[in-house]
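Open the model in your viewer and keep the selection panel at hand. This tour tells you what to select next and what is there.

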Amino acid sequence: MKDAFGTPQSLLILGGTSEIALATARRLIARRTRTVWLAGRPSPDLEKAAAHLRGLGAETYTVAFDALAPDSHETILGKVFAEGDIDMVLLAFGMLGDQALDERDPVAAVRVAQTNYTGAVSAGLVCARALQAQGHGSLVVLSSVAAERARRSNFIYGSAKAGLDAFTQGLGDALHGTGVHVMVVRPGFVRTSMTAGRPETPLATTPEAVATAIELGLRRRSETVWVPGALRLVMAALRHVPRPLFRRLPL
């Protein structure tokens with residue numbers, strides 16, 4: 001169960017090598033979290049991440065999980081929940097893709113969409129049902145400011161994140177009053193290995209800053225978290241910019 005400050009004792013990360021997720025795990029372990037499950041494709045990086053968290057004092061396990069294999073999600077994730085209550089699920093997997101290449105390769109574009117949206121829908125529903133059955137817990141989903149309005153430079157990724165964002169909001173409404181807390185997190189440009197080499201946008205942030213915002217959101221039982229917070233106002237303005245002008249903006 002969570003403590004008075006909303007810190008979970010147990011954490012399941014979907015996307016176990018995500019730099020944002022691991023920064024969040026480190027922050028929560030420093031507070032109270034003692035058990036962590038890292039779900040992801042088997043790899044040396046996944047084992048390295050688990051060893052790192054064990055070194056911080058958390059009992060850490062790895063589980064083979066593939067976002068693109070939804071038929072396996074119920075069985076794999078069901079086994080994790082069968083081991084004991086999970087106080088928090090952090091859905092952190094995703095891929096940026098390469099917009100220019102993906103526009104010319106529909107199969108690659110669909111892979112981006114399936115990873116960021118359909119895989120997340122499947123895993124999110126499985127975890128939501130398990131959290132509801134145990135009567136408590138938080139489901140935290142990493143969305144993006146790209147979900148707010150499609151941009152020429154990343155509309156394939158942005159459209160998938162828009163779907164995920166809408167799904168998460170609807171799921172939160174469906175679970176309202178059940179004891180399950182659903183929170184969508186909308187970071188801007190985050191400096192990670194996934195974005196290395198890409199031009200930074202204004203208000204760029206770090207995995208550690210996103211982790212701090214997630215922890216605060218848990219304490220407040222927020223439904224939506226922007227990182228940094230100023231992006232809420234920026235995107236509120238950009239949503240209403242007329243399309244002819246929006247096309248001309250350097251986004």
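This is a predicted model.

**Stop 1: strand β6 and β7**

Select Val184 and Thr224. Val184 stands opposite Thr224, which belongs to β7. Now extend the selection to both strands. β7 covers residues 224-227. It runs parallel to β6, and 4 bridges join the two. Trace the chain between them.

**Stop 2**

Select residues 137-142, which form strand β5. β5 and β6 run parallel, joined by 6 bridges. For a landmark, pick Gly137: Val180 of β6 stands opposite.

**Stop 3: inside β6**

Select residues 180-187 alone. Is β6 buried or exposed? Of its 8 residues, 8 are buried, so the strand is largely enclosed by the rest of the structure. Show the side chains. In a regular strand they alternate between the two faces of the sheet. Here Val180, Val182, Val184 and Arg186 point one way. His181, Met183, Val185 and Pro187 point the other way. Arg186 and His181 are among the buried residues.

**Stop 4: helix α2**

Select residues 44-55. This is helix α2, with 12 residues. From first C-alpha to last it reaches 16 Å, close to the 16 Å expected at 1.5 Å a residue. Which residues of α2 are buried? They are Leu46, Ala49, Ala50 and Leu53. These four cover an arc of only 100° around the axis, which puts them on the same side of α2. Show what surrounds them: the buried residues pack against α1 (19-31), β2 (35-40) and β3 (59-64). Turn to the face away from the buried side. Exposed Pro44, Lys48 and Gly55 are there. Then step on to Gly57, which follows α2. Its phi is positive, near 105°.

**Stop 5: Val126**

Select residues 106-134 for helix α5, then pick Val126 within it. Val126 has 12% relative accessibility. The cut-off for buried is under 20%, so Val126 counts as buried. What does Val126 touch, leaving out residues up to four places away in sequence? The contacts are His73, Glu74 and Leu77. Finally, draw a C-alpha to C-alpha distance from Val126 to Ile76. They are 50 residues apart in sequence and 10.0 Å apart in space.

Methods. Residues numbered from 1 in each chain as written. Predicted model: local features only at pLDDT ≥ 70, side-chain atom pairs only at ≥ 80, totals over all residues. Heavy atoms only, no water. Buried < 20%, exposed > 50% of the residue type's maximum accessible area, 1.4 Å probe, protein only. Pairing = 2+ DSSP bridges. Expected span 1.5 Å × (residues − 1). Arc of directions from axis to C-beta. Contact = heavy atoms within 4.5 Å.
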